[in-house]
Amino acid sequence: MGMTDIIPLIVAKYNYWLFVVLMMIGLYAMIAKNNLIKKLVGMNIFQTAIILFYVSIGYKSGATLPIIQNVHEGHGHAAIHAADYINPLPHVLMLTAIVVSVATFGVAMALAVKIYQRYHTLEEDELRMRLSEK
Amino acid sequence: MKFFGFVVVCLVGGLLLYGTADFPDWGDPDSPASTHLSDIYIEHAFEQTQVPNIVTAILADYRGFDTMFETAVIFCAGLACFLLLRDFKERKERFYRHVPTGVILHVKNSKKALRVGRDFEHIDKDWIPSDLIIKTVCRILIPFIQIYALYVVAHGDFSPGGGFQGGVIFGSSLILLAISYDLKILVRRIKEKVLGICAAAGVLVYVGIAAICMPMGKSFLDYSALEMFVFDPHHVRALGMLGVEIGVGIAVAAVMAIIYINIVSEGRHDEGL
Amino acid sequence: MPWQIDMIVLFFVILCAVAAITVKDLLSTAILFGAYSFMMCLLWAVMGAVDVAFTEASVGAGVSTVFFVAAVFRTSRRTKD
């Protein structure tokens, strides 16, 4: 494969590769980080990576925003071509996912505050120690 | 643990990278995701609903059930925060500041509360003198932010925006009030009970609009049944969507304020950022 | 959209993500996480997902950073890793 073949391949796929990298960062933080809040940040990075993947699936080159244009100019809307507008379906699904993610993030933060009230730490190893003492 | 985690992450990432080889090219108009259902939405959404923003049309009409339960999830998140953190016990220690002299009184174990009036004010444990610039700027900004939030909700049919975004912006204006002044000022202006009722009422508005359609002879969430309630039957679906978006906005704004107040004051609703 | 812009923004997104999980101060994590969300919002705006970008700008960069700071205020800034 020559150099001329590689560049179009990179342009066509680099987006997905970088989402995978982002997802790996989030997953690593969820598994390996010791602090509970860091784990939550990892969870959010993971979430946004997946949302980014969905949104980029809906992207069409050469298309515009999914808002119908020139609707007030008579009956121009008879000729709406699907190829002119970006796929709106992933946007809808992900829009609600973002708002739900902030709500769950709030609940997670409330849990973290509650854990800190009782054990005075958010580090996982110290929490394990406290729990095994009892 | 770290090494093990790294190995797992590399394995998963490698598999996913391998999987991307089968994906359609980025921005390909003929990718499977963009050829079946979404074409129907794009071509028919405007003539069926009279809403130019297709995202809003799908969100509130075609996928109305989905959005209804998302709103219920957000309401549940607010409820969960309340149940986890809310603490109704009175705090034993209190701090007062004598306004003319600046002397701070620390009251321990007193059943009797000092009367807060012109001479004394109630302050937090880690109180710092409030900044005039921040207070003034926020006092000017907050009404504009709230008007903007209302605009975002009302104009969601024609431009980016809608109930979720407008609700979050309205909720963050309340949070800004709490940050720039004092948590007590927010809690005094908007009672906890009012916030709770708003959160529930928002979900109820959504479900109510959806349920009214049934006695009118159409199915649940079919806004065309509401024709006799609106002045402009041609735009009945757009107006139905506006109604549910308002419900979503009320619920989201109230829930954001509830979550913030409960986290920052550890459920005591007396002092915070 | 020119793919170069996309690539630059993606690079900054990954930079912010790595920084947010490696900093040893949770308040810095909060700010970096806000920056990450804002970069993400830019990325969605250039992809044409304006509604999603708007939501992320108000939710991710706004309210969730505030929740984060509130939680750090009530717990501790200290972290071991």
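Three salt bridges link chain C and chain A in this predicted model, where a salt bridge is a side-chain nitrogen of Lys or Arg within 4 Å of a carboxyl oxygen of Asp or Glu. On the bookkeeping side, residues are numbered from 1 along each chain as its sequence is written, with chains lettered from A and ligands numbered from 1 in the order in which they are written.

**Chain C against chain A**

- One salt bridge here pairs Glu126(A) with Arg78(C), with 3.8 Å between the closest N and O atoms.
- There are also nine residue pairs in polar contact across the interface of chain C and chain A, both residues at pLDDT 80 or more. A polar contact is a pair of N or O atoms within 3.5 Å; within protein, one must be able to donate a hydrogen and the other to accept it, and residues adjacent in sequence count only if both atoms are side-chain atoms.
- Helices (H or I, at least four residues) and strands (E, at least two) are DSSP runs, numbered from the N terminus.
- α3(C) brings the largest share of that side, 12 residues.
- By class, the side of chain C that touches chain A splits into 26 nonpolar, eight polar and seven charged residues. Here Ala, Val, Leu, Ile, Met, Phe, Trp, Tyr, Cys and Pro count as nonpolar, Asp, Glu, Lys and Arg as charged, and the others, Gly among them, as polar.
- In total, 41 residues of chain C and 44 residues of chain A take part in the contact, meaning heavy atoms within 4.5 Å.
- Chain C and chain A bury about 3900 Å² between them, with 76% of it on carbon and sulfur atoms. Buried area is the accessible area (1.4 Å probe) that two parts lose on being put together, summed over both.
- Ile21(C), Met47(C) and Asp81(C) supply 17% of the area that chain C buries against chain A, more than any other three residues.

**Chain A against chain B**

- Here 49 residues of chain A touch 55 residues of chain B, and the buried area is about 4900 Å², 78% of it from carbon and sulfur atoms.
- How many salt bridges are there between chain A and chain B? The count is one: Asp25(B) with Lys13(A), the closest N and O atoms being 3.5 Å apart.
- Polar contacts between chain A and chain B come to 11 residue pairs, both residues at pLDDT 80 or more.
- α1 (3-32), α2 and α3 of chain A each supply at least two residues of the side that touches chain B, and α3(A) has the largest share, 18 residues.
- That side of chain A has 35 nonpolar, 11 polar and three charged residues.

**Cavities**

- The whole structure holds two cavities of 30 Å³ or more. On a 1 Å grid over the protein atoms alone, a cavity is a set of points where a 1.4 Å probe fits but cannot get out, and lining residues have an atom within 4 Å of a point.
- The largest cavity has a volume of about 120 Å³; grid points are joined across faces, edges and corners, and a volume is the space filled by probe spheres set on the points.
- Asn44(A), Ser101(A), Glu56(C), Gly60(C) and Ser64(C) are the closest to its centre among the 14 lining residues.
- The lining of the largest cavity has six nonpolar, seven polar and one charged residue.
- The second largest cavity is about 40 Å³, and its lining includes Leu95(A), Phe164(B) and Asp51(C).

**Pockets**

- A pocket is an open set of points with protein on both sides within 12 Å along at least five of seven lines.
- The largest pocket has a volume of about 750 Å³, and of its 23 lining residues, Trp127(B), Ile128(B), Ser130(B), Tyr181(B) and Asp182(B) lie nearest the centre.
- The second largest pocket holds about 480 Å³, and its lining counts six nonpolar, two polar and 14 charged residues.

Note on methods
This is a predicted model: local features need pLDDT of at least 70, side-chain atom pairs count only at pLDDT 80 or more; totals for chains, interfaces and linings use all residues. Side-chain values use heavy atoms; hydrogens and water are left out.
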